[in-house]
Amino acid sequence: MAAAQVPQGGTGVAAADRLPGRVLRPRAGEFDFGTIRAELGLPVDFPTAALSEVERTVAQPVLDGARADATGLPLVTVDPPGAKDLDQAVLVRRRARGYRVHYAIADVAAFVPPGGALDAEVRKRGQTLYLPDGNVPLHPTLLSEGAASLLPDQVRPAVLWTIDLDHEGVPARVDVRRALVRSVARLDYDGVQRTLAEGTAHPSIELLPEVGRLRREQAVLRGAIELGLPEQQVESDGAGGWRLVLRPRLVVEEWNAEISLLTGMCAAEMMISAGVGVLRTVPDPEPETVAGLRRSAARLGVEWPEGKPPAAALAGLDPVRPEALAVHVAATRLLRGAGYTAFGDGAPVKSGHAGIGASYAHVTAPLRRLVDRYSAEVCLAVSTDREVPEWVREALAHLPSVMGGSDRVAGQVERACIAQAQAWALADRVGEEFPATVLRAANGVEGEVFVADPPVIARCVGDGFGEGQQVRVRLTAADADRRDVAFEVI
């Protein structure tokens, strides 16, 4: 599955309500994402030495005696339907003056010896890459979808976070330790959304809406700049073809994401206090960038009271409205300059993440992202007042470059897959007209538009059109070989 954020719809939409695109039925040699894999030089197989090492470590993982027995916690996983690389399992309980969140993260370090063959390979890959016709995994599936995955009814090694929140959702106490856990259920977003609406949610997450809403309120108070735009996806139609769909983000996904963000913020605070670690950073937008966005909102007729910060202004907009939609898209300029900051001799000068409104570290997806394994080791050491392992310290300086490179490749893969599917979907419709929303406009003659059916974002030319306008466009190009789609305003 490939996905890109696009502006349309709201939250809380069930799978059946997704906006589908034209089904792409392959014939021999058609609709093959292999050209993208070849162009970008994506890995095909793991080295034999790495696979042999995985077979050994799966048979005998590193399970030291300090691991707590937490198999009695009724943890559950919540992921997209069909997911097998299950990084996280959650349990939310009420306590006397707030909530307790248990969050178990797959302990990949139990299966990847430092300096071994697999360690060398994953440090080249950086992260799992997602394509519609199959992933390029960070770890062999024997590990990522098997021995290390938090599959239901299986005892697994984990890094277990226990976070106590007060009645406003603010962390009051944090504990992290190695443990053995056992998930009791594998849930998916659509199912959880439905059961929450019906009042039949799994007991382990029935408090997720309460905690999720509190954490969303805290995000606005922190000044988190969050767009929450739905996703443009290429997915299988189940019969050998592909289709473009627009998938609005379910509200349960937002609540679930808040648990992950909460954990990452707690991890960042631990690292900063210890003066060692690696953070995911996004600089605060420059005042002139915010002022420019405010001017764009004013031109579009979107109210933005003086003194109201971007986080609060964006949180009050419904991107379904064309003019608000354009503001949300324009707001992406506020979140530029994302990177990783490694440090080992005191807290870094710049440690914030503008999208989150706080310091943040990746620790919750080690099956799919390299840096999380190292971040977890730092937090485990800090929590027990131990020295950070030398193999972790040695790697810290290299992680920003490795992760930055893999992020760039992941972005290229995503954009290429979406562009390819758009061109396929419209290849025989050149000359047709479509209703569209203008997302971006430059000098009133060129820009970018969003067409809802099929859900396509593409360049457009015209005369005098502006951001947020509803226009009618004609398809002028749909070149599958070049992955290019273009429109003109009528």
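Modeller: A cavity here is a set of points, on a 1 Å grid over the protein atoms alone, where a 1.4 Å probe fits but cannot get out, and its lining residues have an atom within 4 Å of a point. The model is predicted, so local features need pLDDT of at least 70 and side-chain atom pairs count only at pLDDT 80 or more, while totals for chains, interfaces and linings use all residues. Residues are numbered from 1 along each chain as its sequence is written, and side-chain values use heavy atoms, with hydrogens and water left out.

Biologist: How many cavities of 30 Å³ or more are there?

Modeller: Two. Volume means the space filled by probe spheres set on the points, with grid points joined across faces, edges and corners.

Biologist: What volume does the largest cavity have?

Modeller: About 50 Å³. Its lining includes Ile105, Val108, Val159, Arg178, Pro366 and Glu377.

Biologist: Which element gives the most to that lining?

Modeller: α11, with four residues. β6 (98–106) and α11 (370–383) are the elements giving two or more; helices (H or I, at least four residues) and strands (E, at least two) are DSSP runs, numbered from the N terminus.

Biologist: And the lining by class?

Modeller: Eight nonpolar, no polar and four charged residues. Nonpolar covers Ala, Val, Leu, Ile, Met, Phe, Trp, Tyr, Cys and Pro; charged covers Asp, Glu, Lys and Arg; the others, Gly among them, are polar.

Biologist: Now the second largest cavity. What lines it?

Modeller: Val76, Thr77, Val78, Gln88, Ala89, Val90, Tyr103 and Asn256. β4 (75–79) and β5 (88–95) each give two or more of the lining residues. The second largest cavity holds about 30 Å³ of space, and its lining has five nonpolar, three polar and no charged residues.

Terms used:
1 Å grid on protein atoms, 1.4 Å probe; cavity = no way out; pocket = protein on both sides within 12 Å on 5 of 7 lines; lining within 4 Å.
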